[in-house]
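Please keep the sequence and the structure in view while reading.

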Amino acid sequence: MIFNPIDQKIVEINQLDIICRRLHAKKQKIVHCHGCFDFLHLGHLRHFKAARKQGDVLIVTVTLDQFVNKGPNHPFYSAMDRAEMLAALNVVDYVCLNPWPTAAETIETLKIDVYVKGREYSDGTALQDARFRREVAAIEKIGGRVYFTDEITFSSSKIMERQALFA
């Protein structure tokens, strides 16, 4: 397992590209999770733990604020705040703010081995989402694979909405 202090775990895409080239040279398998991760919860932690088992290094990319489309008042936390929370997790090796609207470009740039999504993406209906289709096409283009975790699914948005009812 790679150890990085939190301040060194958050890297820019060009730095991450260099890191991934070095990891590939060492025959390390790179696993990638991507999303908003607005309100970190147990479902995310379990998802990352399951993802980590698919390879040697776990990279998590964060959707930039302007690309989050989860309705009003989202994201609640800024992209950098979300990255800092993710970097504090021991299971995560590197965190990067994703400069593109989807993870497709990141997958191709970094030559990801395994792209991991939650079980809510596994039933085939997610393929109706053009963004997810682009990500699947990108991982297939470079010879990687998609893996779906089977962990309990929570929704940050629904948790935040429910909390607002009790405020």
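A residue counts as exposed when its relative accessible area is over 50%, as buried when it is under 20%, and as partly exposed in between. Asp150 has a relative accessible area of 58%, so Asp150 is exposed. The model is predicted. Six salt bridges and four aromatic pairs are found in the structure.

**Salt bridges**

- Asp150 and Arg119 meet through their side chains in a salt bridge, at 3.5 Å from N to O. Asp150 belongs to the loop between strand E5 (145-148) and helix H7 (156-166), while Arg119 belongs to the loop between E4 and H6; the two are 31 residues apart, and the pair links distant parts of the chain.
- Arg119 is partly exposed because its relative accessibility is 36%, which falls between the limits of 20% and 50%.
- Another salt bridge joins Lys141 to Glu108, with 3.2 Å between the closest N and O atoms. Lys141 is in helix H6 and Glu108 is in helix H5 (residues 104-110), so this pair ties together parts that are 33 residues apart in sequence.
- Lys141 is exposed, at a relative accessible area of 62%, whereas Glu108 is partly exposed at 27%.
- Asp93 and Arg52 also form a salt bridge, and their closest N and O atoms are 3.2 Å apart. Asp93 lies in the loop between helix H4 (79-87) and strand E3 (94-98), and Arg52 lies in helix H3 (residues 42-52), so the contact ties together parts that are 41 residues apart in sequence.
- Are Asp93 and Arg52 buried or exposed? Both Asp93 and Arg52 are buried.

**Aromatic contacts**

- Phe76 is exposed, with a relative accessible area of 54%, and Tyr77 is partly exposed at 28% relative accessibility.
- How are the rings of Tyr121 and Phe132 arranged? Their centres are 5.0 Å apart and their planes stand at 55 degrees, so this pair is tilted.
- Tyr121 sits in the loop between strand E4 (114-117) and helix H6 (130-141), and Phe132 sits in helix H6; the pair therefore ties together parts that are 11 residues apart in sequence.
- Tyr121 is partly exposed, with a relative accessible area of 26%. Phe132 is buried, at 2% relative accessibility.
- Tyr121, Phe132 and Phe148 are linked by ring pairs into a cluster.
- Tyr121 has a further contact: the charged end of Lys117 sits over its ring, 4.5 Å from the ring centre.

**Nonpolar cores**

- In soluble globular proteins, nonpolar side chains tend to be buried together.
- The largest nonpolar core in this model has 21 residues. Which of its residues touch the most other members? They are Leu16, Ile59, Tyr94 and Ile107.
- At least two residues of this core come from each of helix H2 (13-25), strand E2 (57-63), E3, H5 and H6. H2 supplies the largest share, five residues.

**Positive phi outside glycine**

- Lys27 is not a glycine, yet its phi is positive, at about 65 degrees. Lys27 is located in the loop between H2 and strand E1 (30-35).
- Lys27 is exposed, with a relative accessible area of 71%.
- Phe37 is not a glycine either, and its phi is positive at about 55 degrees. Phe37 is in the loop between E1 and H3.
- Is Phe37 buried or exposed? Phe37 is buried, because its relative accessible area is 8%, which is under 20%.

Note on methods. Residues numbered from 1 in each chain as written. Predicted model: local features only at pLDDT ≥ 70, side-chain atom pairs only at ≥ 80, totals over all residues. Heavy atoms only, no water. Phe/Tyr/Trp six-rings, centres within 6.5 Å; stacked < 30°, edge-to-face > 60°. Buried < 20%, exposed > 50% of the residue type's maximum accessible area, 1.4 Å probe, protein only. Helix = DSSP H or I, 4+ residues; strand = E, 2+ residues; numbered from the N terminus. Lys NZ or Arg CZ within 6 Å of the ring centre and 35° of its normal. Salt bridge = Lys/Arg side-chain N within 4 Å of Asp/Glu carboxyl O. Core = buried A, V, L, I, M, F, W, Y, C linked by side-chain atoms within 4.5 Å.
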